Protein chains: 2
Amino acid sequence: MREPMTKNGTRERVTLKDVARLAGVHPGTASRALNVETRALVNEDTAQRVLAAAEELGYRPNPIARGLKTSRSYTVGVLIPDLTNPLFPPIVRGIQDRLEEAAYTPLIVNTDNDPDRERADFEAMRARQVDGMITATARRDHGLPPGLEGVSLPVVLVNRRLEDGARPSVVADDRMGVRQAVQHLVSLGHRRIAHLAGPQELSTGYLRRQGFEAAIRSAGIQPDPELVLTSSAFIESEGERLCNELLDRESGVTAIVAGNDLMALGCYDAFIARGIACPGEISVVGYNDMPFAGWFDPPLTTVRLPHYEIGSRAAELLLEHLRDPDAEPVQVMLDPELMIRGSTAPPRFR
Amino acid sequence: MREPMTKNGTRERVTLKDVARLAGVHPGTASRALNVETRALVNEDTAQRVLAAAEELGYRPNPIARGLKTSRSYTVGVLIPDLTNPLFPPIVRGIQDRLEEAAYTPLIVNTDNDPDRERADFEAMRARQVDGMITATARRDHGLPPGLEGVSLPVVLVNRRLEDGARPSVVADDRMGVRQAVQHLVSLGHRRIAHLAGPQELSTGYLRRQGFEAAIRSAGIQPDPELVLTSSAFIESEGERLCNELLDRESGVTAIVAGNDLMALGCYDAFIARGIACPGEISVVGYNDMPFAGWFDPPLTTVRLPHYEIGSRAAELLLEHLRDPDAEPVQVMLDPELMIRGSTAPPRFR
DNA sequence: TTGTACGCGTTATCAC
DNA sequence: GTGATAACGCGTACAA
């Protein structure tokens with residue numbers, strides 16, 4: 001396996017031309033032989049010669065040059081709020097793995113949920129000639145940053161869908177997830193169930209609240225506006241604040257459906273400070289099943305989302321859209337699963 | 001702000017040629033005017049005309065074409081084992097944030113610690129003309145995948161350093177971290193301290209074991225080979241397995257330094273199964289301070305690494321190297337910090 | 001100071 | 001079935 005070397009020992013990058021020369025054919029022919037799409041156009045024997053030559057030289061096509069010609073970059077922009085939020089790594093992993101199969105490379109940026117930054121990132125990705133975008137940001141807007149709604153670039157939405165179904169999207173069924181949580185609590189005997197909702201400008205915060213209210217009604221329980229509090233962010237401190245507010249009202253709550261796991265942890269904080277036993281005196285359900293939620297004290301009952309699959313399906317939709325830009329935008333909705341652990345128990349009637 | 005539109009409403013991509021035509025100059029001149037480096041070569045007036053034209057058309061240079069010419073992509077490859085390992089997101093975040101400031105884009109790939117895959121990814125990145133690489137894989141090899149050691153591409157190592165200091169690197173001081181853990185246990189009164197080491201082919205596993213043995217000796221404790229067990233992976237089940245093995249030996253251990261937090265959790269598993277109280281009967285220290293380690297039962301005493309800073313410093317080193325390829329490779333070592341929580345206590349002498 | 005011409009590595013469109 | 005050639009968008013010697 002000889003490879004061309006320079007004096008300093010570094011491998012020169014071997015180009016199509018080198019392969020063609022070694023195979024004794026024209027570069028154009030080599031290109032056709034190497035490309036699966038066009039291999040049929042070339043003689044079987046010569047094709048094999050070219051392939052062998054490419055193998056021997058360790059030839060790797062240059063995607064840059066290819067992109068210049070095809071006006072495709074084989075690159076996909078991925079907009080996520082924050083990689084250190086444990087929600088997103090599995091989603092990103094799903095995206096990457098699926099994309100990689102198709103020889104696409106993801107360009108990942110963190111927007112920190114800042115619309116301005118999202119806009120800037122979006123432009124930057126466009127400048128980099130991305131073939132499409134996957135946005136895992138969850139603001140309840142048009143899917144694209146303000147002012148860019150009309151841009152004709154394949155975009156797949158994650159965690160969010162458009163009312164008019166104008167863009168393909170992959171979401172988990174938040175209504176169903178919350179319903180499972182509520183039904184679980186109801187089956188344990190709870191009737192005074194509260195919801196600490198996430199921010200209503202995020203689709204997740206909004207839908208889970210909707211789902212909560214619907215589930216309460218369909219359980220035959222009289223909805224009580226006092227029992228639904230809304231946070232300004234999906235964070236622990238907000239969960240603690242709202243939980244304290246709720247407990248101050250002495251409304252007889254026996255169970256809480258938190259907007260997500262972090263807010264559930266905030267409830268734990270409040271319980272400890274007040275000396276309330278969980279699940280003895282009050283039950284809590286989280287949302288997301290973040291890593292190691294089963295190791296908390298008590299182990300957290302929560303709703304698990306198929307994060308990895310959400311990512312891989314999103315990549316899949318984008319790839320389909322790239323193949324056939326005129327295809328109908330598909331809306332995928334995946335089922336969540338309730339993980340019953342130690343933070344929920346029958347209510348203790350006082 | 002008019003932009004050329006096609007019938008279907010999509011913006012055409014505007015090229016240098018369009019700008020030149022509108023400004024009434026030759027594309028070459030437009031190129032010089034647009035490029036900050038060469039703007040001095042062009043008449044002030046014409047430069048302004050070109051800039052105005054570019055602005056009006058919303059011109060964005062095509063990095064693909066530029067890269068083909070300059071063989072620079074303003075792109076950096078980032079090799080990490082697995083994004084869903086909670087260790088890496090903050091590191092990646094640090095890398096991204098710093099790189100973004102310098103208008104570089106990271107290309108992130110997961111190697112799953114598979115040398116073959118790492119090699120393929122590395123080649124793919126090279127094909128994409130990355131200007132440099134950051135590898136956060138921790139195998140104790142040459143820094144580059146086997147067979148690629150001689151490649152002349154700026155590379156910064158994370159979590160690993162070369163004996164000869166041939167590549168810039170950023171690491172946390174594993175020896176110091178383990179020493180802090182051991183000293184903490186010794187100051188609590190422990191003398192029979194065990195170490196469940198990580199895989200020895202990973203630099204982290206290796207160095208922590210070294211650090212443990214050194215710390216034990218400098219604490220004036222007679223080293224006991226019986227008390228050092230080595231795992232095949234940094235995972236919970238391995239921690240459990242080794243912990244059971246250790247306890248079976250009835251060696252009078254009162255404290256364990258686990259190779260990382262997951263292995264510490266494995267110890268928890270073993271304790272629960274055997275009805276052993278932690279920290280009452282035996283203490284455990286983890287490593288990494290993974291997210292929410294303080295929420296475990298008991299809250300885990302562990303060694304915190306400056307993950308974000310590790311990432312940003314690595315990016316910094318790479319950027320410096322890109323600016324001045326002949327600069328001496330810098331080795332950065334950052335200090336860890338012991339987080340004392342609830343899994344450690346004085347030994348109960350039996 | 002500006003225009004010309006060429007090349008980067010690849011693919012597409014012609015002839016042959 | 002294969003070779004020749006142009007073109008993708010840009011940067012840069014070189015000439016003017």
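**A serine and its contacts**

Setting aside neighbours within four places in sequence, Ser312(A) makes contact with Gly94(A), Ile95(A), Asp97(A) and Arg98(A). Keep in mind that this is a predicted model. Ser312(A) belongs to helix H11 of chain A, which covers residues 307–323. Take Ile95(A) from that list of contacts. Along the chain, Ser312(A) and Ile95(A) are 217 residues apart, yet 4.7 Å separates their C-alpha atoms.

Is Ser312(A) buried or exposed? Ser312(A) has 22 C-beta neighbours inside 10 Å, and the cut-off for buried is 20 or more, so Ser312(A) counts as buried.

Now to the other helix in this picture. Helix H5 of chain A spans residues 88–101 and lies across S1, S2, strand S3 (132–135) and strand S4 (155–158) of chain A. Relative to S1(A), helix H5 runs at about 170 degrees.

That brings me to the sheet. In chain A, six strands make up an open sheet with parallel pairing, and the order is S2-S1-S3-S4-S5-S11. The edges are strand S2 (105–110) and strand S11 (331–334) of chain A; each has a single partner strand, so one side of each has no neighbour in the sheet. On average, neighbouring strands of this sheet are turned by 15 degrees against each other, direction ignored.

One pairing in detail. How many bridges join strand S1 of chain A to S2(A)? There are six, the two strands run parallel, and S1 covers residues 75–80. Opposite Val78(A) we find Ile108(A), in S2(A).

I will stop there and take questions.

Key: Residues numbered from 1 in each chain as written. Chains lettered and ligands numbered in written order. Predicted model: local features only at pLDDT ≥ 70, side-chain atom pairs only at ≥ 80, totals over all residues. Pairing = 2+ DSSP bridges. Helix = DSSP H or I, 4+ residues; strand = E, 2+ residues; numbered from the N terminus. Axes fitted to C-alpha atoms, helices over the stretch in contact; angles between N-to-C directions. Contact = placed C-beta atoms within 7 Å. Buried ≥ 20, exposed ≤ 12 C-beta atoms within 10 Å, placed from the backbone.
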